[in-house]
Amino acid sequence: MTIPATEAVTASGLAGFMPGSAAAATDESKEMFLQLMVAQLRYQDPMNPADSSEFLSQNAQFTALEKMQDVADQTAMVLGATMAFGASSLVGRDVAYTLDDGTQGTGAVQGVTFGATGPVLDVDGVDVPLASVLSVTGSGASAGPSSATPSTGSTSSTDS
């Protein structure tokens, strides 16, 4: 009688080990790791048992990878918050930009929207991604604490 060396593993079960998987896959990948470890123990050769230090090493590597992913996720959140903070500080300031299609322009930043791709500035009616800004050339009429108009969320007319 022969005993198979491994249990059946489907491609969908390995998806949790692929880089870039969602956070929900982390729990699935932990479960998959434990199932694989139990399967290795269950089907090992009794005359040549597996080294327990190898299992501990694999578990330590898996835990380290999980922690590195947590650090990367937190760093990405900090970067996103920093970009949002920087973009919002440009409201009322004059910027020069070049868009992906080659369009160049300058103007006062009227507002900022935050999308999945990052902050997008409203420069005199033109949507300008933050990465397209070349320079900040000064402050517009509505910038700074000495501004006489309160911020109401509505757009004001520009001096174009």
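A word on terms before the points: two strands count as paired when DSSP finds at least two bridges between them. Please keep in mind that this is a predicted model.

1. **Overall layout.** The secondary structure of the chain comes to two helices and five strands. Read along the sequence, these elements follow the pattern α-α-β-β-β-β-β. Of the 160 residues in the chain, 19% are buried. The chain exposes about 11500 Å², and carbon and sulfur atoms supply 59% of that area. Taking contacts between residues at least 6 apart in sequence, 51% join residues at least 24 apart.

2. H2 is worth a look on your screen. This helix has 37 residues and spans 54 Å from its first C-alpha to its last, close to the 54 Å expected at 1.5 Å a residue. Which residues of H2 are buried? They are Phe-55, Phe-62, Glu-66 and Ala-87. Ala-87 turns up again in the largest nonpolar core, while Phe-62 is part of an aromatic pair.

3. **The aromatic pair.** The count of aromatic pairs comes to one. Phe-33 and Phe-62 form this pair, and their rings are stacked, with 5.0 Å from centre to centre and 5° between the planes. The pair links distant parts of the chain: Phe-33 sits in helix H1 (residues 23-42) and Phe-62 in helix H2 (residues 52-88), 29 residues apart. Are these two residues buried or exposed? Both Phe-33 and Phe-62 are buried.

4. **The largest nonpolar core.** Ten residues make up this core: Ala-87, Leu-90, Val-95, Tyr-97, Leu-99, Val-109, Leu-121, Val-123, Val-128 and Val-133. Strand E1 (93-98) and strand E3 (118-123) are the elements that give two or more residues to the core. Setting aside neighbours within four places in sequence, Val-109 is in contact with Leu-90, Val-91, Gly-92, Arg-93, Val-95, Leu-121, Asp-122 and Val-123.

5. **E1 and its partner E2.** E1 and E2 pair in the antiparallel sense over five bridges.

6. **Ala-96 and Ser-132.** Ala-96 lies in strand E1. Its relative accessible area is 15%, which is under 20%, so Ala-96 counts as buried. Leaving out residues up to four places away in sequence, Ala-96 touches Gly-105, Thr-106, Ser-132, Val-133, Leu-134 and Ser-135. The C-alpha atoms of Ala-96 and Gly-107 are separated by 6.8 Å, with the two residues eleven apart along the chain. Ser-132, one of the contacts of Ala-96, lies in the loop between E4 and strand E5 (133-139). Although Ser-132 is in a loop, this serine is buried, with a relative accessible area of 9%. With residues up to four places away left out, Ser-132 touches Ala-96, Tyr-97, Thr-98 and Leu-99.

7. **E3 and its two neighbours.** Why is E3 described as largely enclosed by the rest of the structure? The reason is that five of its six residues are buried. Strand E2 (residues 104-115) pairs with E3 in the antiparallel sense over six bridges, and the two form a hairpin with two residues between them. In that pairing, Phe-114 stands opposite Pro-119 in E3. E3 also runs antiparallel to strand E4 (residues 126-129), to which four bridges join it.

8. **A backbone angle to check.** Asp-124 is placed in the loop between E3 and E4. The hairpin of these strands has two residues between them. Most residues other than glycine have a negative phi. Asp-124, however, has a phi near 50°, a positive value in a residue other than glycine. With 33% relative accessibility, Asp-124 counts as partly exposed, because that value falls between the 20% and 50% cut-offs.

Notes: Residues numbered from 1 in each chain as written. Predicted model: local features only at pLDDT ≥ 70, side-chain atom pairs only at ≥ 80, totals over all residues. Heavy atoms only, no water. Core = buried A, V, L, I, M, F, W, Y, C linked by side-chain atoms within 4.5 Å. Buried < 20%, exposed > 50% of the residue type's maximum accessible area, 1.4 Å probe, protein only. Contact = heavy atoms within 4.5 Å. Phe/Tyr/Trp six-rings, centres within 6.5 Å; stacked < 30°, edge-to-face > 60°. Areas by Shrake-Rupley, 256 points an atom, 1.4 Å probe, with all protein chains shown as cover. Expected span 1.5 Å × (residues − 1).
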